[in-house]
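Have a look at the structure first, then read on.

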Amino acid sequence: MENKGLSKVDLIFEEINAKEVLQKAFAMTGEEIIQQILASGLKGRGGAGFPTGLKWKYTAAEKEPEKYIVCNADEGEPGTFKDREILDKVAYKVYGGMAIAGKAMGARKGFIYLRGEYRFLLPQLYVELHKFHKMIKEIGYDFQIEYRMGSGAYICGEESALFESIEGFRGEPRNKPPYPTTSGLFSKPTSINNVETLVTAMMIIQMGGAEYVKLGTKDSRGSKVFSISGDTPIPGIFELELGMTVQEFVTEFGDGDTKAVQVGGASGFCVPRKRFTETIIGFEGVPTGGSMKLFNSSRSMYNVLHNYLEFFTEESCGQCTPCRVGCQQLLKGIEKVKKGEAKSTYLNELIKLADTMKVASKCGLGQSVGNAFRSIVENFREEVIY
Amino acid sequence: MYQTGNLVKELADKHGRQRENLMPILQDIVRKYNYLTDEAMVEVATELDISAAEVYGTASFYTFLDTQERGKNVIRVCKTITCSMKGKNDIIAALEDILKIKVGETTPDKMFTLVETNCIGWCHKAPAMLINDMPYTDLTPATVIDVVKGYMSK
């Protein structure tokens, strides 16, 4: 496997001349823009990692005249806070990325769904948006962006739940297919992209897809903004080239006593110390939307798992049974084992339940509870039992 | 309890009367009065010409659209893993002590409601909380008391 080592990059937060990049983009055809994004190998930065160029291509191919570009700023994954920083520091690049996506697909309207927890940013975001609309008008291009606010529901980060919420309903995920590229917001073809993905797309247009592809590895092109927290002397937001091992990451950010790293938040994977050197952070190893949480040997991994399961139990939308009941039973299950009310072999039954949730749940929430569950129970079984 | 007066009608005029305008209307009512009364939800239903059950069904899905009475200042302390590891319980204890209420309760003068919430995106500056829209980070039991005293004197 390719291993790039750890190196810091400055693409996302770099100040750029947005007007120049947009003029360059608007002079291109939609296909040319999509070709650059495809050539860059960019995969979605929200966590799921769907190739951005393909998403744009599918949306562009739809005949419907009304299309939307939606920016997913409902950053709710525990341990993720990079989208807040991006919006705080370089909102104009988010807007620019949306306009470029709009040009690529033939969409004239964009929505940003911002989580309610970040409402304090809204006044400054509107100031930037006003400037952006003015600039777009000067260039002679028609593209409008509107904000919609969330109200404290993690599930609304799921794309179809987010559409439901913007449309004024409970944030309950839809059945797929149809996928958003065919029928998304207001049942129109929609490309929904993460905040960081849109900024990256703008940088790709500036530097060219062939240049961007030099960063990262075959399966994980480019760089990524990481949200680093937990037992680390330097918590914060760092942009790093993709392709480092967890060991290299821990050497840089650990406190010398790191026993596990949770990669990708509560819905991600727990990597124990013995796997640090062999595990690559990226789509070939452990994928992440940016959440990196370090735990040292003073932490109980039972408490970590318990906290995650409480989180999922509360944030499950309750629509489908595997997720609603599954989350509750996993939580009750580990409590029973801890108290000695169930045998330790009961954990094997719970792992089967988590596996069932993976195949039977309607959306990514229920499907990914098993990631953290399995990786913590299998690697820290003693801590979970005793 | 509060009287909405003309607010619901004004908000419907401002945002529109389509289903997609429901969330912004409910959010604005909560920003002004901190929670939704049954009466307010019925008024919204009437303005948008949908059933009150639809309004309640939507509102009750969202944690921040409270349908129970809330104080003027809603304190939401993050309880997710990093904040929990970095001393969330001490922050809660300090808040319970100064406000003389438990988690989930509202002060008798209706000035403060204390609740716990899931990850608010400040893990690198844990423990953290929101008071209404405003985040407060790197909290200690001493600083959290200063913050609350600031709100008390407002």
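1. Domain bounds, as used here, come from an automatic or database domain assignment. For chain A, that assignment gives domain 1 (18–212) and domain 2 (301–385). Keep in mind that this is a predicted model.

2. How far apart are the centres of domain 1 and domain 2 of chain A? Taken over C-alpha atoms, 33 Å separate them. The two do touch: 9 residues of domain 1 of chain A are in contact with 8 residues of domain 2 of chain A. On the domain 1 side, you'll find 6 nonpolar, 1 polar and 2 charged residues.

3. Now for the sheet in chain A. It's an open one, with 4 strands in the order S3-S2-S1-S4 and parallel pairing. Strand S3 (144–149) and strand S4 (190–194) of chain A each have a single partner strand, so one side of each is left without a neighbour in the sheet. From one strand to the next, the twist averages 20°.

4. To see one pairing up close, go to strand S1 (residues 68–73) of chain A, which runs parallel to S4(A) and is joined to it by 5 bridges. Tyr68(A), for instance, has Thr190(A) in S4(A) as its bridge partner.

5. Which parts of chain B meet chain A? In total, 30 residues of chain B are in contact with 37 residues of chain A. On the chain B side, helix H2 (22–33), helix H4 (52–59), helix H5 (81–85) and strand S4 (134–136) each supply at least two residues. H5(B) gives the largest share, 4 residues. By class, that side of chain B divides into 16 nonpolar, 11 polar and 3 charged residues.

Notes
Residues numbered from 1 in each chain as written. Chains lettered and ligands numbered in written order. Predicted model: local features only at pLDDT ≥ 70, side-chain atom pairs only at ≥ 80, totals over all residues. Pairing = 2+ DSSP bridges. Axes fitted to C-alpha atoms, helices over the stretch in contact; angles between N-to-C directions. Contact = placed C-beta atoms within 7 Å. Nonpolar A, V, L, I, M, F, W, Y, C, P; charged D, E, K, R; others polar.
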